[in-house]
Amino acid sequence: MKKLLLTAVSLASAFAAHAQLQPAKQTPESSESWSPVPRVVTPGKITPALSGFTAPSDAIVLFDGKNLDAWVSGKDGKSAAPWTVGDNAITVAPKSGDIQTKQTFGDYQLHIEWRTPAKVEGSSQGRGNSGIFMQGVYELQVLDSYNNPTYSNGQAGSIYKQTMPLVNASVGPGEWQVYDVMYTAPHFNKDGQMTHPPYITVIHNGVLVQNHTAIQGTTPYVGQPVIEPHGKGPIKLQDHNNTTSFRNIWIREL
């Protein structure tokens, strides 16, 4: 009898413990999170004049078709940007040098539209070539890659000399194209070692071409990537002696 009583007590204790482990009755509200509240950002509107979105409310407008006030020469980072402005676009002035933003950035979302010359001249890397440098260091290639054979990691949408685009989403010469970029800056320790590489996602004309791609280091024309410690840096546009144009440039710091 005593043994049976102990068994009954043990079972009762076990059931009580099991009941305590069971979660409270679940309701739709149980999985709702009301805090923190995401901040409000007014999205831009698509307009016939632009192939992409106009700048959202929290964006820094780097070029709105009017002037190069947000830009300087890439040669010294101080002089006025020497490229030309007309028809709501910036156009490379060949042999004048790169241009870069006055402001520097870390993590960001970047929107930029570009157009290679309508008149096709040259081939491979000599056709509509330019580049967009993240933090002034890492090149996202700009090129007329429409029916233009070249090395895969040097065509439009590539991380230059490193990672080819997933697909070639280029349209024809003289047509406006769009890059939407999500970029995460690298981290370095006090000894200059890269502890977290830069990552980049690129959507080219609405098509994913770089998917959270790790950038290995600098993107030189000759040689292998090199790790160079740095802090925030500008957006730099390359003069490659082709009259490539840019417009509707804005950035959102993340």
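Visitor: Do Trp114 and Tyr179 count as buried or exposed?
Guide: This is a predicted model, in which local features need pLDDT of at least 70 and side-chain atom pairs count only at pLDDT 80 or more, while totals for chains, interfaces and linings use all residues. Residues are numbered from 1 along each chain as its sequence is written, and side-chain values use heavy atoms, with hydrogens and water left out. Buried means under 20% relative accessible area, exposed over 50%, and partly exposed in between (1.4 Å probe, protein chains only). By this criterion Trp114 and Tyr179 are both buried.

Visitor: What percentage of the protein's contacts with a separation of 6 or more comes from residues 24 or more positions apart?
Guide: A contact means heavy atoms within 4.5 Å. Of the 254 residues, 41% count as buried. For contacts with a separation of 6 or more, residues 24 or more positions apart account for 63%.

Visitor: What is the distance from centre to centre in the aromatic pair of Trp83 and Phe246?
Guide: Rings of Phe, Tyr and Trp (its six-membered ring) pair if their centres lie within 6.5 Å; planes under 30 degrees apart count as stacked, over 60 as edge-to-face and the rest as tilted. The structure holds 5 such pairs. That of Trp83 and Phe246 is stacked, with 25° between the planes and a centre-to-centre distance of 6.3 Å.

Visitor: How many residues apart are Trp83 and Phe246?
Guide: Trp83 and Phe246 are both buried. Trp83 lies in the loop between E2 and strand E3 (84–86), whereas Phe246 belongs to strand E15 (residues 245–253). The pair thus links distant parts of the chain, at a separation in residues of 163.

Visitor: Which strand holds Tyr179, the partner of Trp114?
Guide: Trp114 and Tyr179 form a tilted pair, 5.3 Å centre to centre with 50° between the planes. The pair ties together parts that are 65 residues apart in sequence, because Trp114 lies in strand E6 (residues 108–115) and Tyr179 in strand E9.

Visitor: How far is Gly174 from Trp114 in space, C-alpha to C-alpha?
Guide: Gly174 is found in the loop between E8 and E9 and counts as partly exposed because its relative accessibility is 28%. Beyond its neighbours within four places in sequence, Gly174 is in contact with Arg115, Thr116, Pro117 and Ala118. Gly174 and Trp114 are 60 residues apart in sequence, and their C-alpha separation is 9.4 Å.

Visitor: Which residue in E14 is the bridge partner of Ile132?
Guide: Strand E7 (residues 130–134) and strand E14 (residues 236–237) pair in the antiparallel sense over 2 bridges. Within E14, the partner of Ile132 is Leu237.

Visitor: Which residue in the turn between E12 and E13 has a positive phi?
Guide: Strand E12 (residues 199–204) and strand E13 (residues 207–214) pair in the antiparallel sense over 5 bridges. They form a hairpin with 2 residues between them, and a positive phi of about 55° belongs to Asn205.

Conventions: Two strands pair if DSSP finds at least two bridges between them. Helices (H or I, at least four residues) and strands (E, at least two) are DSSP runs, numbered from the N terminus.
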